[in-house]
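Good morning, colleagues. Please turn to the sequence and the structure, which I shall now discuss.

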Amino acid sequence: MKRAIPVVVLSIAGLVPIWRYEPSLPGSTTTPEAASTPSASDSSGSSSASGTVVKGSTLNTEKGPVQVQVTFQGEKITAVKMLQQPNHPQTTAAVPKLVAETLEAQSADIDTVSGATITSEAYKESLQAAIDAKG
């Protein structure tokens with residue numbers, strides 16, 4: 001009986017990670033993929049009264065696709081919107097931090113969000129592609 005309680009507790013503790021496991025989406029890749037230069041289909045720019053809107057390239061990660069859309073007012077980044085993002089709790093929590101850092105830094109030179117490294121790296125690559133496409 002002395003051993004039964006620790007065995008049950010440790011068994012439950014060992015099963016918790018299995019219950020919380022979320023498998024990757026089928027058909028997704030294991031590393032971010034990016035073209036060295038965005039193609040016309042990956043990025044597009046349009047001007048309007050609210051500024052120039054440019055889409056970054058789409059990057060396929062093991063968590064899912066990542067693509068940003070950046071709004072520029074002159075040379076200043078005024079808004080960043082995620083057009084595609086993985087449906088994952090860590091990504092959902094990371095996106096507002098990434099956008100806030102982008103607006104503060106006014107570049108793709110931002111910190112990676114801990115716990116969402118894959119999405120952060122793909123976000124930064126898509127963001128840089130949009131900035132480069134704006135030229």
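How many residues does helix α3 have, and what distance does α3 reach from its first C-alpha to its last? In this predicted model, α3 covers residues 117-134, which amounts to 18 residues. From first to last C-alpha, α3 reaches 26 Å, close to the 26 Å expected at 1.5 Å a residue. After α3 comes Gly135, with a positive phi near 65 degrees.

I turn next to the buried residues of α3. They are Thr119, Ser120, Ala122, Tyr123, Lys124, Ser126, Leu127, Ala129 and Ala130. Their packing partners are the strands β2 (51-55), β3 (59-60), β4 (65-73) and β5 (76-84), together with helix α2 (89-105).

Which residues does Tyr123 contact, leaving aside its neighbours within four places in sequence? The contacts of Tyr123 are Val66, Val68, Val80, Met82, Leu98, Val99, Thr102 and Ile110.

Finally, I consider the surface. Val8, Ile12 and Val16 make a nonpolar patch of about 230 Å². Of these, Ile12 lies in helix α1, residues 4-20. Is Ile12 buried or partly exposed? Ile12 counts as partly exposed because its relative accessibility is 45%, and partly exposed residues fall between the 20% limit for buried and the 50% limit for exposed.

Conventions
Residues numbered from 1 in each chain as written. Predicted model: local features only at pLDDT ≥ 70, side-chain atom pairs only at ≥ 80, totals over all residues. Heavy atoms only, no water. Patch = residues over 30% accessible without salt bridge, like charges linked within 9 Å, V, L, I, M, F, W, Y side chains within 5 Å. Areas by Shrake-Rupley, 256 points an atom, 1.4 Å probe, with all protein chains shown as cover. Salt bridge = Lys/Arg side-chain N within 4 Å of Asp/Glu carboxyl O. Helix = DSSP H or I, 4+ residues; strand = E, 2+ residues; numbered from the N terminus. Buried < 20%, exposed > 50% of the residue type's maximum accessible area, 1.4 Å probe, protein only. Expected span 1.5 Å × (residues − 1). Contact = heavy atoms within 4.5 Å.
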